[in-house]
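I opened this notebook to keep track of what I looked up, and in what order.

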Amino acid sequence: MSFLSETLSRVKPSPTIAMTAKAAELKAAGRDVIGLSAGEPDFDTPQNIKDAAVAAIAAGKTKYTAPDGIPELKQAVCAKMKRDHGLDYTPAQVSVGTGGKQTLYNALMATLNEGDEVVIPAPYWVSYPDMVLLAGGTPVIAETSLQTNFKLTADQLEAAITPKTKWFIFNSPSNPTGAGYSRAELKELTDVLMRHPHVWVMTDDMYEHLAYDGFEFCTPAQVEPALYERTLTCNGVSKAYAMTGWRIGYAAGPEKLIAAMRKVQSQSTSNPCSVSQWAAVEALNGTQAFLAPNNEKFVRRRDLVVSMLSEIEGISCPVPEGAFYVYPSIAGLIGKTTPAGKVIETDEDFATALLEEADVAVVFGAAFGLSPNFRVSYATSDEALEEACRRIQTFCAALT
């Protein structure tokens, strides 16, 4: 009898974390590695947010809190949902977790039974399918394509839904593609969901404030109010507020679901860090003035990366509407050989060779469920991005 759980055998470690760790190892060994694998802004947490955390410490706000968040933060989430999306929630409809990942995981653990299906568009954030598997459900992958800019069509969603479907996981702007759904595109999807009242929507809005070129972010319950009672709107402060290490995520949804998620969290982690919660109150309630200038930097970086990668023969790189990722196709490079003699048969081969031979760390497309591609995070300095893209150009030019 195996000591380890059979459940664990169904999941794999995060490939993004694995690639970041491998790059760090090479860097520690003296290699000049440029890491473009981590989904983490290089900006510092805004000063007003850090000040709020210091004030919370000074005031002794360092004790246990309610399992799924302090009332002040839940109220701030309610105010944010009303302000940004016109959606009305009460604090009893809000759950605060240790990062956005925990709120998603709690919801899946609280609702999935064996045989329940979860529709996930590919490419997807690496953790979605594995969290579904951990919770005992079955991921149903609906592949998108470069031709639709990696956006799921209404017909594809319709084809993926069965009587066993319990959730549809939606992410816009997307990790890993940066693709954002317009209101019209999202309305086509919500029209499908309206025809299937047994399907709930788990929308991951983590990148909502990272939207460019006039792209208007909208969330499913905002586009189709009739979905309000079966939508869990998930978000957090990690990306837009450069608070990845503070570990605060939140979700708003039907009170019965939130209560079930609270039960899961009360028997796992219990409350998120008290000091981080007070910092998140300031993030949501305080000035948002830094978002626009930060986005200007991201647009500049995006355009730099797209421009340089698009110059490479064999690579196609669409322009994303948001987030801080690009997801180029390397279909034209499959079958070629690297200067070190390695044949590129997959996008994992490409990413591995790029790291080993050119000291650039990216994440291969298979990790996100759609190949042959790779993900570049442009949440780093212009100088590092320019040098990294130059190395990718040189590496690709040397393929035979």
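**Entry 1: Asp 204**

I began with Asp 204, which lies in strand 6 (residues 200–204); helices (H or I, at least four residues) and strands (E, at least two) are DSSP runs, numbered from the N terminus. I noted that this is a predicted model, in which local features need pLDDT of at least 70 and side-chain atom pairs count only at pLDDT 80 or more, while totals for chains, interfaces and linings use all residues. Residues are numbered from 1 along each chain as its sequence is written, and side-chain values use heavy atoms, with hydrogens and water left out.

I did find a polar contact of 2.6 Å between the side chains of Asp 204 and Tyr 128. The term stands for a pair of N or O atoms within 3.5 Å; within protein, one must be able to donate a hydrogen and the other to accept it, and residues adjacent in sequence count only if both atoms are side-chain atoms. Leaving aside residues up to four places away in sequence, Asp 204 touches Leu 104, Trp 125, Tyr 128, Phe 170, Asn 171, Ser 172 and Cys 234, where contact means heavy atoms within 4.5 Å.

I next traced an open sheet of seven strands, which has the order 2-8-7-6-5-3-4 and mixed pairing; two strands pair if DSSP finds at least two bridges between them. Strand 2 (94–97) and strand 4 (138–143) stand at the edges with a single partner strand each, so one side of each has no neighbour in the sheet. On average, neighbouring strands of this sheet are turned by 20 degrees against each other, direction ignored. For such angles, axes are lines fitted to C-alpha atoms, for helices over the stretch in contact, and angles run from 0 to 180 degrees between N-to-C directions.

Helix 5 (residues 127–134) packs on the sheet and touches strand 3 (117–122), strand 4, strand 5 (165–171) and strand 6, and its direction makes about 155 degrees with that of strand 4. Strand 7 (residues 231–236) and strand 8 (residues 249–252) run antiparallel and are joined by four bridges, and I noted that Thr 233 has Ala 252 in strand 8 as its bridge partner.

Another open sheet has three strands in the order 9-12-11, with antiparallel pairing. Its edge strands are strand 9 (325–326) and strand 11 (363–364), each of which pairs on one side only.

**Entry 2: charged pairs**

How many salt bridges are there by this rule? The count comes to 26. I looked up the pair of Lys 12 and Asp 130, whose side chains meet in a salt bridge (3.3 Å, N to O). This pair links distant parts of the chain, with Lys 12 in the segment before helix 1 (15–28) and Asp 130 in helix 5, 118 residues apart. Lys 12 is partly exposed at 44% relative accessibility, whereas Asp 130 is buried, with a relative accessible area of 10%.

Lys 166 forms a salt bridge with Asp 116, and their closest N and O atoms are 2.9 Å apart. Lys 166 is in strand 5 and Asp 116 in the loop between helix 4 (100–111) and strand 3, 50 residues apart.

**Entry 3: the backbone**

I recorded a cis peptide bond between Ala 122 and Pro 123, with omega about 5 degrees; Pro 123 is in the loop between strand 3 and helix 5. Another cis peptide bond joins Ser 172 and Pro 173, with omega about -15 degrees.

Phe 150 is not a glycine, yet has a positive phi of about 65 degrees. Phe 150 sits in the loop between strand 4 and helix 6 (154–160) and is buried, with a relative accessible area of 6%.

Notes:
A salt bridge is a side-chain nitrogen of Lys or Arg within 4 Å of a carboxyl oxygen of Asp or Glu. Buried means under 20% relative accessible area, exposed over 50%, partly exposed in between (1.4 Å probe, protein chains only).
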